[in-house]
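Welcome! Here is a short tour of one protein model, taken a few helices and residues at a time. Keep the structure open beside you and look up each part as it comes.

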Amino acid sequence: MYIAERNFAVRHNNTLSDHYPIEAGVSQGSVLGPLLFLICTADIPKAGNTTTASFANDVAVLSVNEDPVSATQHLQTHLNSLAEWYTRWRIKVNQAKSVQDIFTIRRSICPPLTFKSAPIPVTTEVKYLGPHLDQRLTWNTHIQAKRRQLSIKFRQLHWLLGRNSKLSLNNKLLLYKVVFKRIWSYGVQLWGCAKPTRLQIIQPFQSKFLRNIVNAPWYVNNQLLHTDLHIPSITDEIQRIATTTCTIMDR
């Protein structure tokens with residue numbers, strides 16, 4: 001059997017729990033794990049009035065309706081079906097991470113939802129597969145989070161990227177492309193439609209980064225740095241990615 005004689009334990013800081021047998025599910029990190037998980041969840045309940053979006057073990061159920069009461073009713077019906085399905089297949093749901101988010105520009109309030117008789121907390125922001133989704137989809141929370149993440153990563157690598165670093169310029173630019181650009185550009189196909197003022201939150205970091213790696217004096221223009229180093233501005237790069245994505249989708 002695939003899970004026969006397999007055990008698991010939980011480590012918290014320096015404390016390791018006792019070992020317990022695995023009685024259901026698939027082994028995380030195994031070669032067959034993803035395939036077997038897809039087979040296991042192939043019959044997950046779906047409904048005509050809702051959309052199910054799943055990636056690995058993260059599941060989102062969406063309902064679109066002008067009437068918030070109708071949208072909630074559709075979601076609740078679907079959640080009830082999911083609860084029965086999870087119970088039948090002995091899949092444990094982490095209800096502490098389950099939230100109800102309402103995306104609207106109106107002031108209407110949706111009735112609360114429940115899962116297995118437990119209320120689902122309502123929030124105005126949710127993080128799903130990386131991006132931070134706020135109620136009005138302004139992407140402000142997500143962009144601010146990326147900006148903080150960039151600053152933290154730059155402080156960690158300052159010994160390699162600072163003005164006194166002996167690392168070559170080409171390697172510094174390579175680090176930017178494989179580390180820092182990956183951080184801010186993740187999901188840009190979605191949040192790239194935010195207001196220009198919000199997109200510009202990332203630009204000061206990029207300009208500061210380029211000034212540091214070449215040790216540029218204060219009077220050197222940022223645009224000149226971008227041109228000489230062949231690094232497009234944040235806005236130009238977002239437009240390039242959007243154009244490339246549209247071209248791929250058209251094909």
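Two residues are in contact when they have heavy atoms within 4.5 Å of each other. Keep that in mind for Gln 135, which is in contact with Ile 102, Phe 103, Thr 104 and Thr 124, leaving aside its neighbours within four places in sequence. Please remember as you read that this is a predicted model.

**Gln 135, a residue in a loop**

- Look for Gln 135 in the loop between β12 (132-134) and α3.
- Gln 135 and Asp 101 are 34 residues apart in sequence, yet their C-alpha atoms are 7.1 Å apart in space.

**Helix α5 on its own**

- Helix α5 covers residues 169-185 and has a kink of about 35°, centred on Lys 177.
- Several residues of α5 are buried, among them Leu 173, Tyr 176, Phe 180 and Trp 184. Lys 172 and Ser 185 are also on the buried list.
- After α5 comes Gly 187, which has a positive phi, near 75°.

**How α3 meets α5**

- The axes of α3 and α5 come within 9 Å and cross at roughly 165°. Angles over 145 degrees count as roughly antiparallel, so α3 and α5 are roughly antiparallel to each other.
- The crossing in which α3 passes α5 is right-handed.
- On the α3 side, the contact is made by Lys 146, Gln 149, Leu 150, Lys 153 and Phe 154; on the α5 side, by Val 179, Phe 180, Ile 183 and Trp 184.
- Sorted by class, this contact of α3 with α5 has six nonpolar, one polar and two charged residues.

**How α3 meets α8**

- Helix α3 (residues 140-156) packs against helix α8 (residues 203-214) at an angle of about 15°, with the two axes 11 Å apart. Angles under 35 degrees count as roughly parallel, so α3 is roughly parallel to α8.
- The crossing of these two helices, α3 and α8, is left-handed.
- Which residues do the meeting? From α3 come Arg 147, Leu 150, Ser 151 and Phe 154, and from α8 come Phe 205, Phe 209 and Asn 212.
- The contact of α3 with α8 has four nonpolar, two polar and one charged residues.

**How α5 meets α8**

- The axes of α5 and α8 come within 11 Å and cross at roughly 160°. With that angle over 145 degrees, α5 and α8 are therefore roughly antiparallel to each other.
- α5 passes α8 in a right-handed crossing.
- Leu 169, Lys 172, Leu 173, Tyr 176, Phe 180 and Trp 184 of α5 meet Phe 205, Gln 206, Phe 209, Leu 210, Ile 213 and Val 214 of α8.
- By class, the residues of the contact of α5 with α8 divide into ten nonpolar, one polar and one charged.

**Ser 207, a residue within α8**

- Ser 207 is part of helix α8.
- Buried means under 20% relative accessible area, and Ser 207 has 8%, so Ser 207 is buried.
- What does Ser 207 touch, not counting residues up to four places away in sequence? Ser 207 touches Asn 222 and His 226.

Technical notes
Residues numbered from 1 in each chain as written. Predicted model: local features only at pLDDT ≥ 70, side-chain atom pairs only at ≥ 80, totals over all residues. Heavy atoms only, no water. Bend = angle between axes of the 7 residues up to and from the residue. Helix = DSSP H or I, 4+ residues; strand = E, 2+ residues; numbered from the N terminus. Buried < 20%, exposed > 50% of the residue type's maximum accessible area, 1.4 Å probe, protein only. Axes fitted to C-alpha atoms, helices over the stretch in contact; angles between N-to-C directions. Parallel < 35°, antiparallel > 145°, perpendicular 65-115°, else oblique. Left-handed = near helix turned anticlockwise from the far one by under 90°. Nonpolar A, V, L, I, M, F, W, Y, C, P; charged D, E, K, R; others polar.
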